[in-house]
Amino acid sequence: METVTTGASSNALNGSPRVLIISLEKETYTNEMYAQLYNALRKNTVVTEALNLRSANEALSATPPPTAVLLSDGAITQPKHSALLSRLVGYARGGGRVVLGMQLSNHFRLDRFGVFFRKWGLNWDAGSYHRTTFALNSAGLPAPLEADALFPSLSMKAVHVKNAARECAVYLPTPSSHVQSLVWAPTPITGDAAEESPAVFARVGEGYLGYVGDVNAEQGSIRLTVEMCGVKISPGDMGSVERTTGVRFSPGKQPVEEKEVEEEVPLPTRSGPSAQTRATSASQPSAASGPSAGSASSTATPSSTSATSPNARNPPRPREAEVAERAARRAKMREEKLRAGDMLKEQGNALFREEKWDDAAEKYRAAAFAAGPQPVYLSNLAAALLKLKQWALAESAASRAILHDPKNVKALYRRAQARKELHQFRAAEADLQRVLAIDSTNAPAKAELDAVRAAMRVTQSRDDEAPSEDVADLEEESLSEDFIHDGNGVPCKYYNHNGCARGDKCRYSHAPDRKSVRDELGRNVCIYWLLDECRFGDNKCVYAHDRTYLPENGWWEDKERNTRIRESMRATFAVIPQRCLPKAMLAEAAKPDPWRDDLWVSGEYVSAETQQGKKGKKKKGKGKGKGKGKGKKGGGLASAWGSPWACASAMFDEDHMEAFYEELMLQNIMPWEVDSLDELMRIHDVLFDSYY
């Protein structure tokens, strides 16, 4: 077949654009790779694809002529097609648009760049070849391209053009751009390389020549190709595309292709901050019902496909384009994680219905590990742990769900049940009152509240009052090299201030820690500075001192909460020697505990009866102590901090925490018991006349 023409016949009658794609050396993978480009063009134009030289010349001679010509491969750069090239130059000079895109840059010999573009009267030449982050030309786009049709920033691997006038550049590297590679260090892009562009558009006579150097069919470059062709598209025109991501081989079986669906990423909203909504559980079924069937992707945080930052500002901040690009990458990763998490949750629901409580609990925990502690996963986990009579673990799981979704009726009800069994009656009563404030007709909550109050009359409550509650956004964990780069544990000042050129080769840490908050640029911002406590100043502190790219309503802006924490710190110092607790603990106390420190993360998911049997088999009296310590319960670390592990995790690093856990078990003290750390402290106080 020499030509392929597609597009609604009504388009031709109405004078819609006619796009000619010249594919003289079309690869077999082109249709799949550029499916979204073909979709967008066919929905809005009449598309003719010429597959050989003869059909290309015939299409160029058609009446009316095409409104744009898209060259999809490198054939036109070869000397044997010089006659067709001359026709295309004449076509452009007469008012047409020619776009060099798709796989042309991937098959364009670098030594032919200069000669080729001189045919068009341009001084362009081959530049660098690498992946980095680009932003739209801040000086303005070459006419008649419109910025509203394009992503403000994007990452792509491209063959760049050098020697192009700056006004011809569509995208340019940002001041913080660096070479993005899985092999080489992230070298900053500076000097002449910073002037090179992956996409240029210039006037040629009465028409235009465009060049898109992307070699990987990124959605941002597809939108740019469509815009260079003079075609306007609507949301959804590109559609989704199924891509082959690999091949799975099994002994004795045929190879199986592995595929994934790539959805269309919408353009960012440009009319101020996007609305970030958090679904609540006020309309959930009865609090006594089973695990939730809803998916985390339907209740989780910002849109999983938005290419704009959920905290975008109006007017935009200086590096807003870079923030939007990072947000788009996070959104894509979030969507993939939630798909995996929801699948595990559904498996857990099936096991729960079969009354396999321990297996169901493991599936819910696996879902949280895969996609983060989404409230629906943790609420379901709490339900399974209640069936196992693991009251402390259930309380921990429900508390994490409530931290991120304070109106989650099921989580509140389940935490109340766990707290009742732990004899924390006042806290249980407060949870049930919150349920009834949301849903006054909730019969199970009313019955449970009556049971709690009846228990309070015959059994002493272990809590004097209901603890105060925090509310925190769900903190996403990144798989980026910077987020997981711990180095030697010492924060990298260069990374947090002006950027570190050594990347994963840096000996210092780029990862977030307890004394900092991650901003939208990936920098770690000093918590002490946010709380007006940093003694090092802007230049000497290893962390960033800049609020510009932090969320506007973070916990550090909650003055009432932070005042309460300071008062708690003073109360702690009043009961514990200062040699045990250094004053430089405000950051650790103020920052919400990371979810991976929660009890449900490391707990053993077996029934209480099974666990009691294992406990009876353990040897006692090992280590330096003689078994469980004696003394008055309450007070000390547990009462001052609310949770003994909140204090321990703030005082000691991970290795010390593992030693703590091991010694607790040797002393036959269960780590999840409310006063476990107090008991261990008393043993050490007796044995060594000092605190640990």
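Predicted model: local features only at pLDDT ≥ 70, side-chain atom pairs only at ≥ 80, totals over all residues.

Reader: How many helices and strands does the secondary structure of the chain come to?

Author: The chain has 26 helices and 14 strands. Of its 692 residues, 49% are buried. Among contacts with a separation of 6 or more, 71% join residues 24 or more positions apart.

Reader: At what angle do the axes of helix α9 and helix α11 cross?

Author: Helix α9 (residues 320–353) and helix α11 (residues 375–387) have axes that cross at roughly 25° and come within 11 Å. Angles under 35 degrees count as roughly parallel, and therefore α9 is roughly parallel to α11. The crossing of α9 past α11 is left-handed.

Reader: Which residues make the contact of α9 with α11?

Author: From α9 come L338, G341, D342, K345, N349 and F352, while α11 supplies V376, Y377, N380, A383, A384 and K387. By type, the residues of this contact comprise six nonpolar, three polar and three charged.

Reader: Is E227 buried or exposed?

Author: Buried means under 20% relative accessible area. E227 has a relative accessible area of 3%, and is therefore buried. This residue lies in helix α7 (residues 219–228).

Reader: Which residues is E227 in contact with, leaving aside its neighbours within four places in sequence?

Author: With those neighbours left aside, E227 is in contact with R97, P144, L145, E146, A149, L150 and K232.

Definitions and conventions:
Residues numbered from 1 in each chain as written. Heavy atoms only, no water. Axes fitted to C-alpha atoms, helices over the stretch in contact; angles between N-to-C directions. Helix = DSSP H or I, 4+ residues; strand = E, 2+ residues; numbered from the N terminus. Parallel < 35°, antiparallel > 145°, perpendicular 65-115°, else oblique. Left-handed = near helix turned anticlockwise from the far one by under 90°. Contact = heavy atoms within 4.5 Å. Nonpolar A, V, L, I, M, F, W, Y, C, P; charged D, E, K, R; others polar. Buried < 20%, exposed > 50% of the residue type's maximum accessible area, 1.4 Å probe, protein only.
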